[in-house]
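Work through these exercises with the model in view. Try each task before you read its solution.

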Amino acid sequence: MMLWLLLLACSTSHAANKYPTNQKSSITFDPSQLICSAPGPPGAPGPPGYPGSAGPIGRMGLPGKDGVDGKDGQKGYKGEEGDRGNPGRSGKPGTKGIRGAIGKLGPRGPRGLKGAQGSAGIHGPKGTDGNNGEPGLRGICKCGINTARSAFSVAITYSFPKERMPIKFDKVLLNEGGHYNASSGKFICGIPGIYYFSYDITLANKHLAIGLVHNGQYRIKTFDANTGNYDVASGSTIMYLKLKDEVWLQIFYSEQNGLFYDAHWADSLFTGFMIYVDQDYLNEIEDEQIF
């Protein structure tokens, strides 16, 4: 750098000597002045200046991109059980379920106290009289013939009789005419005519399938399902009987013999009676008495 400056000064001095002396010039150069005016070497750096005042806050930069998700941490230890929360609200009632099977009959409870008799009801108004019927046919006098009678009512003193056999009602309450046989359980017709039969049977612990039999054929059948309490099965009918016809009750289905006896609770009854006698039978008796 210094060499370049010296060459520049020499060339400048040489150029100045070539100018004519008689030429007018507004500036006069001295070669020594040119040499002394060359820049010297750079000085040492000055001490650092004082910090400047803080500039204005720049605009907020744009948000950076989301970083890559880190790896899942290790499974933590099970925390302590928290306090029990308050009970939730009651849910809506569910739909009604299917009715369950009939349970077994429970043990018999103690007999309750007799309740007070209720008050009598109010008598209803008397109805109007009906019209008189037409006169009937003139009857035939049977003054010399005794009035025919046949009626019975019997009860049973044991439970669960055998199936498909005549039930022997061994407690006779009434046996007008003696046509009921307690040893066989059968009513044997002694006077032909129209008869009425009925039965009221107490059942418990089992179902009851019972029927009224006439000469080996079922005339009526009833079935009563036990619901866990005492129940009563009933039936009745009217039929014509000839002389020596037989009528009885029996269980017609296996294991459905729920007839129940309780001396202090309820009875099971079998009843029958003649409504009216066969007129042809009376005429035959009259003819036999005449001759």
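**Exercise 1. Find what share of the contacts with a separation of 6 or more joins residues 24 or more positions apart.**

Solution. Start with the term: a contact means heavy atoms within 4.5 Å. Keep the contacts in the protein with a separation of 6 or more; residues 24 or more positions apart account for 74% of them.

Ground rules come next. This is a predicted model, where local features need pLDDT of at least 70, side-chain atom pairs count only at pLDDT 80 or more, and totals for chains, interfaces and linings use all residues. Residues are numbered from 1 along each chain as its sequence is written, and side-chain values use heavy atoms, with hydrogens and water left out.

**Exercise 2. List the secondary structure, then state which elements have the lowest and the highest mean pLDDT.**

Solution. Helices (H or I, at least four residues) and strands (E, at least two) are DSSP runs, numbered from the N terminus. The protein has three helices and ten strands. Their order from the N terminus is α-α-β-β-β-β-β-β-β-β-β-β-α.

Now turn to pLDDT, the predictor's confidence in each residue, from 0 to 100. Its mean over the protein is 82, and 81% of the residues reach 70 or more. Helix α1 (residues 2-17) has the lowest mean among the elements, 47. Strand β4 (residues 186-188) has the highest, 97. Over residues 9-25 the pLDDT is below 50, and this stretch has three contacts in the model beyond near neighbours in sequence.

**Exercise 3. Is His214 buried or exposed?**

Solution. Locate His214 in strand β5 (residues 193-214). Recall the cut-offs: buried is under 20% relative accessible area, exposed over 50%, partly exposed in between (1.4 Å probe, protein chains only). His214 has 13% relative accessibility, so His214 counts as buried. Next, check what His214 touches: leaving out residues up to four places away in sequence, the list includes Arg219, Met239 and Tyr240. A polar contact of 3.1 Å joins the side chains of His214 and Arg219. (Polar contact: a pair of N or O atoms within 3.5 Å; within protein, one must be able to donate a hydrogen and the other to accept it, and residues adjacent in sequence count only if both atoms are side-chain atoms.)

**Exercise 4. Which rings have a lysine charge sitting over them?**

Solution. The test: NZ of Lys or CZ of Arg is within 6 Å of the ring centre and within 35 degrees of the ring normal. The charged end of Lys206 sits over the ring of Phe160, 5.1 Å from its centre. For Lys221, the ring is that of Tyr218, with 4.7 Å to the centre.
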